[in-house]
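Dear colleague,

Please find below the structure that I am handing over to you. My notes on what was found in it follow directly after.

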Amino acid sequence: MKLFETNLNHIIPKILPIIPKIDVVAFPHMIIPLLIIDEKIIVGINNAIESGNKLVMIVACKKQSRANSLSIGAQDLYEIGTVAQIIKVIPDQDGSTKILIQGIARAKISDIKINPNNPRLIKDD
């Protein structure tokens, strides 16, 4: 992952969970509420919180048909996204999770490693 901002108050780890979004584009300093319904993404969010840094990568999805909107792969994501910090997490009774994030920095994805249980972004050294 290549960061475009150099004057950061955060240390960005080499591996971040990815949150693909179809209808939202995040930018640095924006505060955005997100509804997460995919269990794999919720696992990634929980891992980010447990790690202590609360950082995730928000990446917009390329235009796709409604038929394919439930299965988003690495090829469906733009290369540039936003590293964001999770501010608040609210689990819902239906299994979904609402989160509030704040963008920190724009970043370019260098490699995506997909784990069936936990999709994550891999940053080159």
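In which sense do strand E4 and strand E5 pair, and over how many bridges? Strand E4 (residues 55-60) and strand E5 (residues 80-91) are antiparallel, with four bridges between them. Strands are counted as paired if DSSP finds at least two bridges between them. The elements themselves are DSSP runs numbered from the N terminus: helices are H or I runs of at least four residues, and strands are E runs of at least two.

Please note that this is a predicted model, in which local features need pLDDT of at least 70 and side-chain atom pairs count only at pLDDT 80 or more, while totals for chains, interfaces and linings use all residues. Residues are numbered from 1 along each chain as its sequence is written, and side-chain values use heavy atoms, with hydrogens and water left out.

I turn next to the interior. A nonpolar core is here a set of buried Ala, Val, Leu, Ile, Met, Phe, Trp, Tyr and Cys residues joined through side-chain atoms within 4.5 Å. Buried means under 20% relative accessible area, exposed means over 50%, and partly exposed lies in between (1.4 Å probe, protein chains only). The largest such core has 16 residues, of which Ile19, Leu34, Ile36, Ile58 and Ile101 touch the most other members. Two or more residues come from each of E3, helix H1 (39-51), E4, E5 and E6. H1 gives the most to this core, namely four residues. A second, separate core of 13 residues includes Ile12, Cys61, Leu77 and Ile109.

Which residues does isoleucine 58 touch, leaving aside those up to four places away in sequence? The contacts of isoleucine 58 (heavy atoms within 4.5 Å) are Ile19, Lys21, Ala26, Leu34, Gly81, Thr82, Ala84 and Ile101.

Histidine 29, in the loop between E2 and E3, has a positive phi of about 75°. Histidine 29 is classed as exposed because its relative accessible area is 64%. Lysine 54, in the loop between H1 and E4, has a positive phi near 55°. With a relative accessible area of 33%, lysine 54 is partly exposed.

The loop between strand E2 (15-21) and strand E3 (31-36) also holds phenylalanine 27. Phenylalanine 27 has 46% relative accessibility and therefore counts as partly exposed.

Finally, a search of the whole structure finds one salt bridge, defined as a side-chain nitrogen of Lys or Arg within 4 Å of a carboxyl oxygen of Asp or Glu. The side chains of lysine 108 and glutamate 79 form this bridge at 3.8 Å, N to O. The pair links distant parts of the chain, 29 residues apart: lysine 108 is in strand E6, and glutamate 79 is in the loop between E4 and E5. Lysine 108 is partly exposed, at 34% relative accessible area, whereas glutamate 79 counts as exposed, at 51%.

With kind regards
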